[in-house]
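This briefing looks at the charged contacts of one predicted model and at a part of its surface. Please have the sequence and the coordinates at hand while reading.

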Amino acid sequence: MIYQKHFQLPALRRGFHLITDYVLRELPELPQVRAGLLHVFIQHTSASLCLNENADPTVRHDFEQFFHRLAPENAPYFRHNSEGPDDMPAHLKAALLGSSVSIPVAQGRLALGTWQGIYLGEHREHGDRRSLVLTLLGE
């Protein structure tokens, strides 16, 4: 079985947001998959996806602080700033974190670790609705 779904997340402010529940709501077929793989892809260059801690919100705060220092706004060496001071830093953060995650599926559930969740890294101050492509492969 191969199932593919395109959907949009709501617009979210800059930061790291747990989106696992949004993804699960879009996959009513998931309980039918005994063994498989879910691939989640974001169709943007200024936002990212990753897996990490899903329980303590300070982890998401610390992620944001770290990446803000790693790729600061208004750095004099950035030329690409046509959409504002967060433009190039957003692209760098997205390149570092990546545009997709793959998660095993076992017995109709995502085989995430106890404390793992899917993060959207929104790297723009005023992020737009972000488009995701979910591809579920399995039997």
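Glu64 counts as buried, because its relative accessibility is 14%, where buried means under 20% relative accessible area, exposed over 50% and partly exposed in between (1.4 Å probe, protein chains only). The model is predicted, so local features need pLDDT of at least 70 and side-chain atom pairs count only at pLDDT 80 or more, while totals for chains, interfaces and linings use all residues. Residues are numbered from 1 along each chain as its sequence is written, and side-chain values use heavy atoms, with hydrogens and water left out.

**Salt bridges around Arg14**
- Arg14, itself buried at 18% relative accessible area, forms a salt bridge with Glu64, with the closest N and O atoms 3.8 Å apart; the term requires a side-chain nitrogen of Lys or Arg within 4 Å of a carboxyl oxygen of Asp or Glu.
- Arg14 also meets Glu125 in a salt bridge (2.3 Å, N to O), and because Glu125 lies in strand 7 (residues 116-126) and Arg14 in strand 2, this pair ties together parts 111 residues apart in sequence.
- Glu125 is partly exposed, with a relative accessible area of 36%.

**A salt bridge of Arg124**
- Arg124 and Asp86 form a salt bridge whose closest N and O atoms are 2.8 Å apart.
- Arg124 is buried at 10% relative accessible area, and Asp86 likewise counts as buried at 8%.

**Network**
- Salt bridges that share partners join Arg14, Glu64, Glu73 and Glu125 into one network.

Note on methods. Helix = DSSP H or I, 4+ residues; strand = E, 2+ residues; numbered from the N terminus.
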